[in-house]
Amino acid sequence: MKVLLIGYGSMGKEIEKILISRGHSLAGFVDPVAPGGHKEVTLGLLDKADVVIDFSSPAAVESNCNVYVQGKTPVVMGTTGWEQIRNKIEKQVTDAGIGFIWGSNFSIGAHLFFILAEKAALLINSLPEYDILLHEYHHKRKKDSPSGTALTAASKIIAGLDRKDTILTETLDRQIKENELHVTSTRCGEIPGTHTVMLDSAADTVEITHRARNRNGFALGAVMAAEWVRDKKGFFPVELFIKEILG
Ligand SMILES: NC(=O)c1ccc[n+]([C@@H]2O[C@H](COP(=O)([O-])OP(=O)(O)OC[C@H]3O[C@@H](n4cnc5c(N)ncnc54)[C@H](O)[C@@H]3O)[C@@H](O)[C@H]2O)c1
């Protein structure tokens with residue numbers, strides 16, 4: 001498979017390594033600032049590629065997608081922050097009859113964690129002895145908290161557990177209510193991202209933890225998604241691909 005990388009930053013470079021390790025090759029890369037790359041995507045570049053993997057910038061998504069659909073090239077869209085134009089892109093993709101997979105988290109391990117978190121919530125529905133919390137740790141440079149991953153996992157827990165309906169992210173100066181799920185964050189050092197769901201009862205504690213070591217998980221998921229989408233037609237959220245590979 002020949003892949004055109006759009007965005008040659010932290011993710012683009014990681015994806016390149018995974019592509020090579022899985023026997024694929026680079027049709028080139030597009031990045032306005034990275035040395036050695038093409039400054040913009042063109043139909044000529046798309047002609048040389050079986051699939052595009054885009055981890056660039058939200059500001060670039062609309063104009064780049066216009067070119068992808070003209071070139072009828074399948075796309076893995078890992079860039080985040082373009083929700084407001086999602087319907088427009090979906091229409092373009094459907095009209096062009098290409099495959100387009102998108103999502104804010106391509107890490108397969110993170111999706112396993114989401115599924116396990118929801119399953120844990122469903123299991124304790126009939127066990128009022130067990131309470132549940134979510135805590136996450138990230139490096140000291142992270143600007144937002146809780147992480148998007150924590151909020152996704154929290155929404156899965158709320159969906160699975162009838163007695164909780166509110167996500168609480170603040171520090172408490174009162175008792176927590178039964179319907180509240182406490183989602184808390186710690187920032188320190190270089191931690192790439194650790195998320196723990198804890199089930200707690202008078203008798204014991206059960207923990208489910210996802211511990212990212214680096215960006216490798218996102219990159220591997222993106223490359224596997226490219227292998228999956230290249231022969232498909234449609235606008236696919238990444239969850240659909242995960243569901244399919246997990247059987
Ligand atoms: N979906 C996921 O699993 C996942 C995981 C990590 C990051 N991301 C997202 O991927 C994107 C990139 O993340 P990153 O950590 O590699 O960021 P980064 O800042 O390290 O790299 C982004 C690169 O895109 C380039 N770029 C900017 N405009 C461009 C354009 N018009 N065309 C081509 N390249 C352009 C920049 O010059 C930069 O080199 C962000 O939106 C981030 O939120 C998604």
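How many residue pairs are in polar contact between domain 1 and domain 2? Three residue pairs, both members at pLDDT 80 or more, are in polar contact between these domains; a polar contact is a pair of N or O atoms within 3.5 Å, where within protein one must be able to donate a hydrogen and the other to accept it, and residues adjacent in sequence count only if both atoms are side-chain atoms.

## Basis of the model

The model is predicted: local features need pLDDT of at least 70 and side-chain atom pairs pLDDT 80 or more, whereas totals for chains, interfaces and linings use all residues. Residues are numbered from 1 along each chain as its sequence is written, and side-chain values use heavy atoms, without hydrogens and water.

## Domain arrangement

Domain 1 covers 2-106 + 216-245 and domain 2 covers 108-211, with bounds from an automatic or database domain assignment. Their C-alpha centres lie 31 Å apart. Nine residues of domain 1 are in contact with five of domain 2 (heavy atoms within 4.5 Å).

## Local backbone features

The peptide bond from S145 to P146 is cis, with omega near -5°. P146 belongs to the loop between strand 6 (131-138) and helix 6 (148-160); helices (H or I, at least four residues) and strands (E, at least two) are DSSP runs, numbered from the N terminus.

K72, in the loop between helix 3 (58-71) and strand 4 (75-77), has a positive phi near 50°. Most residues other than glycine have a negative phi, and most peptide bonds are trans.
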